[in-house]
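Let's take a tour of a protein model with two chains in contact. Keep the picture open as you read, and look for each part as we come to it.

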Amino acid sequence: MTDFLQMIAGGIAVGSSYALMGLAMVIIYKTSEVVNFAQGEMALLSIFLTYMVLEFHGFPYYVAFPAALLFAVFLGCFLEFAVLRRAKEPNILGMIIITIGLEMILMGFVSWKFGADPKTMPFPMSPYSSVTLGEVFVSGLEVLTFIVALTVMVILFLFFRYSKLGVAMKATQQNQVAARLMGIRTKRILMITWGISSLVGCLAGLLIAPTTMQPYMMWDPMLKGFAAAVLGGMTSLPGSVFGAYMIGLIENLFGGYISIEFKSVVAFAIIVLVLCIKPSGLFARHYVKKV
Amino acid sequence: MKKRGIWLLLAVLALVLGSAMGAVAEEGVTDTVIHIGQWGPQTGPAAPWGAVARGTGVYFQMINEQGGIHGRKIEYHMFDDAYNPAKTKAGVKELQEGVGMFGWASGVGTACGLSVKDYLMERKIPWVGPAAGSLHWISPPQKYLFAVYPLYYSEAKILCKYAIKELGKKRIAIAYQNDDYGKNGVAGAEAELNKHGLKLVAAVPVELSDTDMKPHVMQLRKADADVVLLWAGPIHAIRIVGTARAMKFQPQWMSTSTCSDFPLMMAISKGLWQGVIVGNFGDLPDSQSPLMLEYKKAFDKYAAKGERWGVFFYAGFGFVEPMVEGLKRCGRDLTRERFVKEMEGIQNFQGIFGKISYSAYEPSDVFCRQGQDELFLTQCVEGGKSKKLTDWMTPD
């Protein structure tokens with residue numbers, strides 16, 4: 001029984017970081033239907049710069065971390081403004097290819113600037129100190145990630161449901177022309193979307209970095225986050241969080257009871273299965289455009 | 001008619017002379033230059049090991065600065081394969097068929113090396129010191145392939161022997177990267193334990209894509225292991241140790257030479273690596289041996305800014321020391337066949353690694369192409385320093 005509970009706790013813990021990445025991807029997809037493959041590397045750049053100011057310039061945490069989040073917002077807005085918006089005759093496939101290009105450029109820049117040796121982010125909390133719940137161990141960092149993931153989800157959910165900007169974002173996704181006719185500055189909306197998404201991705205990165213940092217570190221969480229978002233339905237925020245926890249739990253239970261070798265791929269197999277049965281994901285509402 | 005006859009004669013002459021010239025000048029060797037290639041991951045998940053290829057570059061630069069080898073400078077061609085065997089193969093073919101290498105030095109990664117092994121061997125191109133301790137290099141032995149790195153198999157045997165005999169441990173488990181590297185470790189550990197009438201209490205595979213180590217640690221803890229061998233990359237190894245610490249599971253950790261860069265391991269594990277015992281194939285970073293001091297000087301002079309004098313970096317010197325020795329022994333008359341013959345004559349060669357010896361090619365003798373067979377064990381102590389636990393050891 002303890003083993004089972006430990007696996008559940010492990011699944012939830014690892015699901016939280018997938019959830020943050022999933023949320024970040026959903027935000028952009030929700031407004032532009034673009035899958036942003038540079039999501040992980042946008043966070044990567046922010047966290048390596050944070051590492052730089054903490055380690056080499058002696059900035060305190062309370063300055064470095066908020067600055068990282070601000071920088072992330074700026075970076076997201078900048079990339080949208082300077083790169084994506086410049087695409088000629090943009091279509092969705094072209095945009096996705098651009099994000100893949102951005103991913104390579106950002107990773108290349110970080111590898112060049114900081115080298116390939118693994119590092120760890122200084123953090124107020126050790127990633128290896130644990131909290132005991134009965135016989136079950138959870139690390140403090142995992143508890144923090146869990147709280148952050150849920151908080152971000154709730155804030156974003158409320159934001160999209162009730163705030164003017166959030167509703168404008170949704171409108172932009174559903175029909176850009178109509179949205180513009182209603183007086184929404186859709187380009188600016190897209191830019192803000194990228195900024196918010198980058199911020200959420202950066203949060204995920206900052207919570208992963210205390211364990212290990214290397215130029216390749218965000219690729220896997222990004223893929224898992226993407227998988228979670230697909231599972232939950234790419235446009236649903238709670239869906240992507242649910243998907244992320246499902247993946248975390250499936251991985252842990254499968255690894256514990258059936259085969260540890262195939263633990264990382266089983267989640268993807270289940271996604272294929274779900275998509276065969278419900279192509280738009282578990283939670284997405286399908287908008288049918290009438291012609 | 002007469003004109004055609006002259007052309008025919010010229011063509012025949014050109015063919016004959018051409019092939020005769022070809023026999024004299026070996027591919028990749030000119031009067032002034034020897035072309036040598038190497039691949040190494042400068043990007044991607046294995047990038048920390050890419051220091052090997054950069055180390056070799058500095059070593060060759062040092063040799064060139066000292067006048068080269070019998071009047072010839074080494075022209076070093078290194079490329080980034082990102083630890084991706086498909087890229088390794090493409091890059092090797094491009095350099096071999098485009099520029100023409102005399103031979104290949106080192107090269108990180110078992111899978112990467114395997115992707116080009118047959119290509120190089122079929123073309124009789126020498127390859128010295130693959131930076132991986134795989135059994136594939138020597139089993140079966142290849143005439144043109146000289147291994148330097150002690151076998152992971154032997155390393156696992158030595159570590160298990162130490163755990164049983166010196167530490168009195170009986171419950172030994174292994175967490176291994178699920179590929180050739182990890183499986184060589186499992187095979188070595190099983191062989192040594194069998195000899196003592198023991199069995200591995202757990203063998204837990206780690207996939208390269210795994211980031212969450214809880215399921216792995218749970219299995220190790222369930223098996224109640226008192227020693228755990230970590231046959232994985234540095235990051236996975238640290239994650240396992242860290243997760244185990246969080247789960248209050250603290251066996252004696254042991255690991256391979258690939259995780260022996262203590263300053264690096266201590267820095268990224270935030271001190272958790274302290275107490276881990278590893279195998280070492282060469283001198284320690286702070287060694288004061290004259291050769292290491294000379295190499296350190298070359299490092300200070302030629303290495304790029306921001307480069308670190310770590311184990312992987314100077315391993316790039318060590319893996320190719322025997323190659324340079326072989327080239328020196330050839331004199332001016334450098335052909336691949338002569339090079340192989342001279343390499344076979346190397347006995348008890350001492351560079352910054354353990355003793356290296358080869359013998360005449362014998363298809364049934366796997367050790368005729370395994371240069372180094374000895375290792376010593378160290379333990380990571382405070383500040384990332386090494387405490388030497390044993391002298392050079394060879395597996396029984």
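Here is a short report, one topic per heading.

## Before we start

This is a predicted model, so local features need pLDDT of at least 70 and side-chain atom pairs count only at pLDDT 80 or more, while totals for chains, interfaces and linings use all residues. Residues are numbered from 1 along each chain as its sequence is written, and chains are lettered from A and ligands numbered from 1 in the order in which they are written.

Helices (H or I, at least four residues) and strands (E, at least two) are DSSP runs, numbered from the N terminus.

## Where the chains meet

Chain A puts 32 residues into the contact, and chain B puts in 35. On the chain A side, the elements giving two or more residues are α1 (2-32), β2 (136-139), α10 (237-257) and α11 (263-277).

That side of chain A has 9 nonpolar, 16 polar and 7 charged residues. Ala, Val, Leu, Ile, Met, Phe, Trp, Tyr, Cys and Pro count as nonpolar, Asp, Glu, Lys and Arg as charged, and the others, Gly among them, as polar.

## Two crossing helices in chain A

Now find α5 (residues 140-162) and α6 (residues 164-174) of chain A: their axes come within 5 Å and cross at roughly 75°. Axes are lines fitted to C-alpha atoms, for helices over the stretch in contact, with angles from 0 to 180 degrees between N-to-C directions. α5(A) and α6(A) are therefore roughly perpendicular to each other (65 to 115 degrees counts as roughly perpendicular).

From α5(A), A:Phe159, A:Phe160, A:Arg161 and A:Tyr162 meet A:Gly166, A:Met169 and A:Lys170 of α6(A). By class, this contact has 4 nonpolar, 1 polar and 2 charged residues.

## Two domains in chain B

Chain B splits into domain 1 (33-150 + 287-361) and domain 2 (152-280 + 377-388); such bounds come from an automatic or database domain assignment. The domain centres, taken over C-alpha atoms, are 28 Å apart.

Across the boundary, 13 residues of domain 1 touch 14 residues of domain 2. On the domain 1 side, α4 (110-122) and α11 (311-318) of chain B each give two or more residues. That side holds 8 nonpolar, 5 polar and no charged residues.

## Two open sheets in chain B

One open sheet has 5 strands in the order β2-β1-β3-β4-β5 (chain B), with parallel pairing. Two strands pair if DSSP finds at least two bridges between them. The edges are β2 (73-80) and β5 (145-146) of chain B, each pairing on one side only. Strand β1 (residues 33-40) of chain B is joined to β2(B) by 8 bridges, and B:His35 has B:Glu75 as its bridge partner in β2(B).

The other open sheet has 7 strands, ordered β7-β6-β8-β9-β10-β13-β14 (chain B), and its pairing is mixed. Its edge strands are β7 (202-206) and β14 (385-388) of chain B, and the twist averages 25° from one strand to the next. Inside it, B:Met254 stands opposite B:Ile277 in β10(B).

## A closer look at B:Tyr152

Is B:Tyr152 buried or exposed? B:Tyr152 is buried, with 28 other C-beta atoms within 10 Å; the cut-off is 20 or more for buried, 12 or fewer for exposed, and partly exposed in between, with C-beta atoms placed from the backbone. B:Tyr152 sits in helix α5 (residues 152-165) of chain B. Its contacts, not counting residues up to four places away in sequence, include B:Gly133, B:Ser134 and B:Tyr181.

Methods:
Two residues are in contact if their C-beta atoms, placed from the backbone, lie within 7 Å. Angles under 35 degrees count as roughly parallel, over 145 as roughly antiparallel, 65 to 115 as roughly perpendicular and the rest as oblique.
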